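Here's a quick briefing on the model shown below. Have the viewer open while you read, and jump to whichever topic you need.

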Amino acid sequence: MAEKILIVDDEPDMLKLLSMILKEKTPYDITTTNNPLEALELAKKGGFDLVISDLKMPGLDGIDLIGAIKQVDEDIPIIIITAYGTVESAAEAMQKGGFDFITKPFRKEQILFTIDKAMKWLKVQRENKMLKEQLKKEKGLNE
């Protein structure tokens with residue numbers, strides 16, 4: 001089963017561009033929404049391996065979305081993309097648990113590299129959890 005990516009951006013053109021790049025260059029299942037509140041509901045239902053979000057959106061900005069999604073799934077990597085990139089906003093995104101911060105305009109290779117890096121990181125996180133659980137079970141059996 002292919003990994004699933006959720007893309008959130010209030011600009012329809014950016015959603016189309018990111019979706020087109022990812023469908024063309026990756027094996028991932030792509031879901032898009034221009035509504036950050038809908039994105040949060042979709043994330044709560046689960047099943048996503050990565051979220052790509054715009055920083056500035058009406059209703060719920062990318063920083064708030066990171067915090068809300070991390071309450072649902074602490075492991076999911078969230079990449080913030082913005083045209084309003086400052087050192088402060090990047091630092092805040094990372095402090096809240098963002099995986100990476102990319103400024104617009106970005107190169108196609110940059111977004112693909114960052115997604116690949118995030119998916120590899122997630123795989124390691126999940127393997128780590130599984131091995132820790134396995135160790136706990138084995139330790140429990142040996143006591």
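## Briefing: sheet, helices and charged pairs

K136 counts as exposed, at 58% relative accessibility, where buried means under 20% relative accessible area, exposed over 50% and partly exposed in between (1.4 Å probe, protein chains only). The side chain of K136 meets that of E133 in a salt bridge, 3.8 Å from N to O; a salt bridge here is a side-chain nitrogen of Lys or Arg within 4 Å of a carboxyl oxygen of Asp or Glu. This is a predicted model, so local features need pLDDT of at least 70 and side-chain atom pairs count only at pLDDT 80 or more, while totals for chains, interfaces and linings use all residues. Residues are numbered from 1 along each chain as its sequence is written, and side-chain values use heavy atoms, with hydrogens and water left out.

**Confidence**

- The chain averages a pLDDT of 90, and 97% of the residues score at least 70; pLDDT is the predictor's confidence in each residue, from 0 to 100.
- Helices (H or I, at least four residues) and strands (E, at least two) are DSSP runs, numbered from the N terminus.

**The sheet**

- There are 5 strands in an open sheet, ordered β2-β1-β3-β4-β5, and the pairing is parallel; two strands pair if DSSP finds at least two bridges between them.
- At the edges sit β2 (29-33) and β5 (100-103), each of which pairs on one side only.
- On average, neighbouring strands of this sheet are turned by 20 degrees against each other, direction ignored. Axes are lines fitted to C-alpha atoms, for helices over the stretch in contact, and angles run from 0 to 180 degrees between N-to-C directions.
- Strand β3 (residues 50-54) pairs with strand β4 (residues 78-82) in the parallel sense over 4 bridges, and V51 stands opposite I78 in β4.
- T82 is found in strand β4 and counts as buried, at 0% relative accessibility.
- Setting aside neighbours within four places in sequence, T82 is in contact with D54, L55, F101, I102, T103 and K104; contact means heavy atoms within 4.5 Å.

**Helix α3 on the sheet**

- Helix α3 (residues 62-72) lies across β1 (4-8), β3 and β4, and runs at about 170 degrees to β4.
- Buried residues in α3 are G62, I63, L65, I66, A68, I69 and K70.
- Those buried residues pack against β1, α2 (36-45), β3, β4 and α4.
- Where α3 starts, a side-chain oxygen of D61 reaches to within 3.1 Å of the backbone nitrogen of I63.

- D49 has its place in the loop between α2 and β3, and counts as buried at 8% relative accessibility.
- Leaving out neighbours within four places in sequence, the contacts of D49 are E3, K4, I76, P77, M119, L122 and R126.
- The side chain of D49 makes a polar contact with the side chain of R126 at 2.7 Å. A polar contact is a pair of N or O atoms within 3.5 Å; within protein, one must be able to donate a hydrogen and the other to accept it, and residues adjacent in sequence count only if both atoms are side-chain atoms.
- A polar atom of the D49 side chain also lies 2.7 Å from the backbone nitrogen of K4.
- D49 and K123 are 74 residues apart in sequence, yet 9.4 Å apart in space, C-alpha to C-alpha.

**Salt bridges**

- The salt-bridge count comes to 11.
- D9, E11, D54 and K104 are linked in a network of salt bridges.
- K120 forms a salt bridge with D116, with the closest N and O atoms 3.1 Å apart. Both K120 and D116 lie in helix α5 (residues 108-142), 4 residues apart, about one turn of the helix.
- K120 is exposed at 54% relative accessible area, whereas D116 is partly exposed at 33%.
- Back to the opening pair: E133 and K136 are 3 residues apart in helix α5, so about one helical turn separates them. E133 counts as partly exposed, at 41% relative accessibility.
- E109 forms a salt bridge with R107, the closest N and O atoms being 3.8 Å apart. E109 is partly exposed at 48% and R107 is exposed at 56%.
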